[in-house]
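Hi,

Here is the structure you asked about. Have a look at it first, and my notes follow below.

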Amino acid sequence: MSPLSAPGLSRRRVVQGGLVATLLAHVAAHVAGARAEDAGETSRPVSLPTPAAAEPPQLTSAPVSGAQHLRAAEASWPLKPSGDATRLWCFEETSPGPLLRVRKGEELAVMLENGISQPITLHWHGLRLPNRLDGVGGLTEEPLAPGASREIRFAPRDAGTYWYRSMVPALAAEQTERGLYGVLVVEEDEPPPVDADLVIVLDDWALADDGQIAPGFGTAEDIGAVGRLGNWLTVNSEPPPESFSVAPGGRVRLRLLNAANARPISLRFDQLAVEVIALDGQPAEPFTPARNSLALLPGNRADLIITCAPEAGVSGHVVALLGPGLPLLTIKTDGAPAPSANAADIKPPGNGLPETIDLAAALRVDVVLQGGLPPNTPPPVDVSRIWRINGVAFTDAVAPLFSAGQGKPVVLSLVNKTEMLQALHLHGHTARLLHALDDGWEPYWQDTIAVPAGRTVRIAFITEGAGQWMISSAILDRLSGGMATWFTVT
């Protein structure tokens, strides 16, 4: 992809700063503190209460020809190698849900069916879609009631790695923690030549002693502090490490997703030659991660090209930087040399994102993040107002953060006045991370952005798609506690 450029703007390689350095510097502190588009049918957010437990409804919808069925229902899955399987909420009884693959520009048809006792939606995290398809319950659509079904059809215009999950703000933390998500891969017209294309979903689960999902969602402690951190890390919902073999000199496209509710995950690559080719679905100027490490916020994705050793019998490892290091993935060379061993460097084509952003003409908006629950503070009775944006909790917001026409450059100053790392997901858009003096931007795009405690981070993007677009906490427990807002594109 051609890098963005603008008169007078310099560029800086990500290895000199930006995403990797920022996240690696703040993940440790975050974990240590753990104790024809339309605007939808509503004009303001709707906070839905968690319904009382009920028997899963029986669905009666007729099959839709050519559609991928995504039925949300309870299912048991062996997250741990021993003991009883964990009862999850899954799509099509698999964890993660079915891997959806479609070519860029080709239609994807999905039949969403709700077989659990809570209302659900389907949010396509990171995709640029018409606003009516963004799947935010109460803002862009009415949630799907228990027992109901809904057909969804669209043709993705962006190649890359994305994911789908339910997005009813008051319920998103529980539904994601219970496993209600999956991955969408949108393939390029001509996918890069690799010997394997692997999807790796990382998640940490908060499990009780009996191996079941720990109860107690929506507590003030989870909402007002660092969020619901798990105690069991999985790779594609299986105990790590996962291992596979590749021919000597082979190349692997590794698509990584951090699906955790609250935990940023830092990774180290041992005995592996790694190059990052995309972040949050969008192609980046390929780079080697600093110190051979990469950190992913909840919701972040990264596409890597791993080039294996040229000789057989060599093992490389992807390790989570937790405690002394937790091996997640082992890649071993075996057999005859790979045909791709001497292939050209891989640089995925772009997705038609703008090559310039006119910062001088941008609408500039401050987004002040406030709130939290300080240590030794009695929990409030009303947890929906623990967090605020520009002084307003999402429950109370009746006006958009800003309103702008389509094609307008926007600069958001994300001002974190809290004592904790914040992570924000920009719906329907993808943004550039600006340098401190407006003298350039990082050579990648993001839809999920880290805002360290006490710091200000500025991002730039161009508005598109008429409707109401959410800016939501990617640390999902905070979403039900007020850490969300929205803007309007006309």
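Arg291 sits in the loop between strand 16 (282-287) and strand 17 (293-296); helices (H or I, at least four residues) and strands (E, at least two) are DSSP runs, numbered from the N terminus. Its phi is near 55 degrees, a positive value in a residue other than glycine. Arg291 counts as exposed because its relative accessibility is 60%; buried means under 20% relative accessible area, exposed over 50%, and partly exposed in between (1.4 Å probe, protein chains only).

Before you go further: this is a predicted model, where local features need pLDDT of at least 70 and side-chain atom pairs count only at pLDDT 80 or more, while totals for chains, interfaces and linings use all residues. Residues are numbered from 1 along each chain as its sequence is written, and side-chain values use heavy atoms, with hydrogens and water left out.

Ser237 also has a positive phi, near 60 degrees, and isn't a glycine. You'll find Ser237 in the loop between strand 11 and strand 12. With 2% relative accessibility, Ser237 counts as buried.

That loop, between strand 11 (232-235) and strand 12 (242-246), also holds Pro241. The peptide bond from Pro240 to Pro241 is cis, with omega near 0 degrees. Another cis peptide bond joins Ser95 and Pro96, with omega about -10 degrees; Pro96 is in the loop between strand 3 (86-91) and strand 4.

Four strands make an open sheet in the order 4-9-8-6, with mixed pairing; two strands pair if DSSP finds at least two bridges between them. At the edges are strand 4 (100-103) and strand 6 (123-125), each pairing on one side only. On average, neighbouring strands here are turned by 25 degrees against each other, direction ignored (axes are lines fitted to C-alpha atoms, for helices over the stretch in contact, and angles run from 0 to 180 degrees between N-to-C directions). Strand 4 pairs with strand 9 (residues 181-187) in the parallel sense over four bridges, and Arg101 has Val185 in strand 9 as its bridge partner.

Elsewhere, strand 25 (residues 422-426) and strand 28 run antiparallel, joined by four bridges. His425 has Thr448 as its bridge partner in strand 28. From strand 28 (residues 448-451), Thr448 and Ala450 point one way and Ile449 and Val451 the other, and all are buried.

What about the inside? The largest nonpolar core has 62 residues, of which Leu267, Leu304, Phe402, Leu412 and Ile459 touch the most other members. By nonpolar core I mean a set of buried Ala, Val, Leu, Ile, Met, Phe, Trp, Tyr and Cys residues joined through side-chain atoms within 4.5 Å. A second, separate core of 24 residues includes Ile120, Leu144, Ile152 and Leu180.

Asp270 is in strand 14 (residues 265-270) and, at 23% relative accessibility, counts as partly exposed. Leaving aside neighbours within four places in sequence, Asp270 is in contact (heavy atoms within 4.5 Å) with Gly316, His317 and Val319. Asp270 and Asn292 are 22 residues apart in sequence, but 7.8 Å apart in space, C-alpha to C-alpha.

Last one: is Asn131 buried or exposed? It counts as buried, at 0% relative accessibility, and is found in the loop between strand 6 and strand 7 (149-154). A polar atom of the Asn131 side chain lies 2.8 Å from the backbone oxygen of Gln468.

Cheers

Technical notes. A polar contact is a pair of N or O atoms within 3.5 Å; within protein, one must be able to donate a hydrogen and the other to accept it, and residues adjacent in sequence count only if both atoms are side-chain atoms.
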